[in-house]
Amino acid sequence: MNRTPVGTGTKRRRSVLLLVVAGALTAALVVAGWFVVSRDRRGGPDGQGPQVPSVFPVPQHARPGTGSPVPLNGHVYIVAPSGTDQASVAALQELVAGAGGTGEAVAALNNPREDASAVYLGTAATSASALKALRIDGDAEIQDALGRTEGYALATGQSSGIPTAVLAGKDGDGLFHAVQTLRQLIKGGSVSPVRISDWPLMETRGVIEGFYGTPWSHQARLDAIAFAGRQKMNTYIYSPKDDPLLRDKWRALYSNQELQQLQELIDAAATNHIRFTYALSPGIDVCYSRPSDLDDAVAKLDSLYSLGVRSFVIPLDDIATKVQCAEDLREFGSGQANLAKAQASFLNDVNERFISAREGVLPLETVPTFYNGSSSTPYKRELGKALNPEIVVQWTGEDVVSHRITQESAETAARSYGTPSSPRTLVVWDNYPVNDFSQDHLFLAPVIGRDANLYQSIHGIVTNPMIEPYLSLPAIFNYADLTWNGPAYDPATSMGAALSLLAGPDPEVNAAVRAFVDLNQDWQDDELTPSAPGLRRDIDRFWADYDAGGSPSGDLKARAGLLQRLPELLPRMAVPGFATDATQWVAAAASYGRGVEEALDMLEAAKRGDTQTAAEARRNVQSALTAATAKTQPTLDLGVVVPVLGDNELKGFLERALQQVPAS
């Protein structure tokens, strides 16, 4: 999308920073243990009784099960009939091994060992007998879930005389989702007794790598796909703006080496039940009426089809807003309505020549040139009238970077991009936490301002992440929750779970992660994401105590000490790529922490009349402030810039402290 947001997104124009990529997420998550849950919910109405471990995304229905936990740390029969989704079987085998058990894959269970347990995997039909053995085959919620696309049921109990868990899916996707839920139910090597019936509310849930700047590394893409799959997302759209073979050189075919890397991504997506979507952006120099350009587009898409891609987007965003080539002017005329007519003609031809002519291809999607705002315009009216009604439109909300996306706005946009009687199917291209327009900042606040019931009006949401892939994972986690079950999504709770997962079990590391994230809350001056709220609270408390002549609490000093330890603690996260992505911001935060600690010493020394110590501390404060505000972050086109984080609070505190103790 355009680097410069419109509307509320134009409050701040920030500089452009360079990507820092490191670490392998998949291995890190195994080390971290996906078995840790963030909190427990009581099962009874009074908050007493058996606990239901928290699951993210939040299921539609979850209740305590009966009986004892199902051990996975001994001999475990993995009962998977022929034809069971192999990615789900492999993921379950990984879980059993991680829990300390030995998995034995069998097609049916006969005469099991008395000291063993069993996990059944299958569709509603192949799991029917196992559900019946648990006496829940008639459960209305379970039957409801198993009748919905990507739905699943998970239940525990006794079958064949041994502890048993049943994972049933409406389809292969649903079964894979059931395994991802099972990951979060394992405590001490056993599955907590539960009964879960679940399905997603949005059909499209995923990530679009659609930013300007250095594209993600191949490893980062693999890691992001694995992360998205484990959070029950189902879509990854390959659309990096600065990949020349997507835009500037869109007609050129990929080399064998490039095709091999794409094949690895496609295969990884399939393993994680993620739909790999390829986005070809010909709009910079395409001639919509030129047959050779249509041929080139079809040939390019066909080369991806041969690799197994079955989902495609033709983005026409961030290009000239009028017809450009002479052939199009003769064919369609000038003006925005005629631009829409030209684009609709081209897209309809691609749809007829390629999408409809190939087996198994999903409906074509496009990003219009005017891709935000819900009100009708000549461009949107013509596009809505001329574009094949099966083609899906991606839309960013009222603005390029939309602070709020409401159900009403989405419904209006669907009519504007379609017709009043036949609204267009919309997928929201959500420009959060993308920072290509503001790359000296990181956006680590929870996802906010999206209506809980958006699922009733749109097909889905894809999040456009930051240039820093591993720093984007918390928001991706949030979007997985929001799109799966919007009414149950709680931003703070979801973000807390995301940070716990990424940090790992070490309490010190968890505290450090939260202190760093607190400094990076500020998103586009939004009142729902105030800058550094935890730090601000400590600063306000300090000055209130100081001005009253009392003894300030130690909270601010403790926070300053934690900030200084960020370079040591963050690399110990379960996902170390997070710290690597944040290197320059972490260094700046540590310098600020040193400055705050020196400022506290300075104020204390001045209060007791120790002018020499105060003067030395003052010099140290100034030195730390200089280091914190140094240009250290390389950019693609603006040289080296200052990484910005919590600056209003940190700089403001240091400047006020310096005013309290004038230079001698």
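Colleague: What volume does the largest cavity have?
Modeller: This is a predicted model, and the structure holds three cavities of 30 Å³ or more. The largest cavity has a volume of about 50 Å³.

Colleague: How many charged residues are in the lining of the largest cavity?
Modeller: The residues that line the largest cavity are Gly 283, Val 286, Tyr 288, Ile 319, Ala 320, Lys 322, Gln 324, Cys 325 and Asp 328. By class, five of the lining residues are nonpolar and two are polar. Asp, Glu, Lys and Arg count as charged. In this lining the charged residues number two.

Colleague: Which residues that line the largest pocket are the closest to its centre?
Modeller: The largest pocket has a volume of about 470 Å³. Of the 23 residues that line the largest pocket, the closest to its centre are Glu 150, Glu 203, Asn 234, Arg 275 and His 459.

Colleague: How many nonpolar residues does the lining of the largest pocket have?
Modeller: Six residues of the lining of the largest pocket are polar and six are charged. The nonpolar residues in this lining number 11.

Colleague: What radius of gyration does the protein chain have?
Modeller: The C-alpha trace of the protein chain spans about 80 × 80 × 45 Å along its principal axes. For 664 residues, a compact globule would have a radius of gyration near 26 Å, and the chain agrees with that. The value for the protein chain is 27 Å.

Colleague: What percentage of the contacts between residues at least 6 apart in sequence join residues at least 24 apart?
Modeller: The protein chain has 22 helices and 22 strands, and buried residues make up 57% of its 664 residues. Contact means heavy atoms within 4.5 Å. Among contacts in the protein chain between residues at least 6 apart in sequence, the share that joins residues at least 24 apart is 78%.

Colleague: Is Ser 159 buried or exposed?
Modeller: Ser 159 is found in strand 8, which covers residues 152-159. Leaving aside neighbours within four places in sequence, Ser 159 is in contact with Tyr 120, Ala 133, Leu 134 and Thr 164. The cut-off for burial is under 20% relative accessible area. Because its relative accessible area is 6%, Ser 159 is buried.

Colleague: How far apart in space are Ile 196 and Ala 153, C-alpha to C-alpha?
Modeller: Ile 196 lies in strand 12, residues 194-198, and is buried with a relative accessible area of 1%. Not counting residues up to four places away in sequence, Ile 196 touches several residues, including Val 55, His 61, Ala 153 and Leu 185. Ile 196 and Ala 153 are 43 residues apart in sequence, and their C-alpha to C-alpha distance is 5.6 Å.

Colleague: How far apart in space are Ser 68 and Gly 157, C-alpha to C-alpha?
Modeller: Ser 68 is found in the loop between strand 3 (61-64) and strand 4 (70-71). At 54% relative accessibility, Ser 68 counts as exposed. Ser 68 and Gly 157 are 89 residues apart in sequence, and the C-alpha to C-alpha distance is 7.4 Å.

Colleague: How far apart in space are Ala 125 and Thr 369, C-alpha to C-alpha?
Modeller: Ala 125 is found in the loop between strand 7 (117-123) and helix 3 (128-133). With 66% relative accessibility, Ala 125 counts as exposed. Ala 125 and Thr 369 are 244 residues apart in sequence, and the C-alpha to C-alpha distance is 46 Å.

Note on methods: Residues numbered from 1 in each chain as written. Predicted model: local features only at pLDDT ≥ 70, side-chain atom pairs only at ≥ 80, totals over all residues. Heavy atoms only, no water. 1 Å grid on protein atoms, 1.4 Å probe; cavity = no way out; pocket = protein on both sides within 12 Å on 5 of 7 lines; lining within 4 Å. Points joined across faces, edges and corners; volume = space filled by probe spheres on them. Helix = DSSP H or I, 4+ residues; strand = E, 2+ residues; numbered from the N terminus. Buried < 20%, exposed > 50% of the residue type's maximum accessible area, 1.4 Å probe, protein only. Rg over C-alpha atoms; globule rule 2.2 N^0.38 Å.
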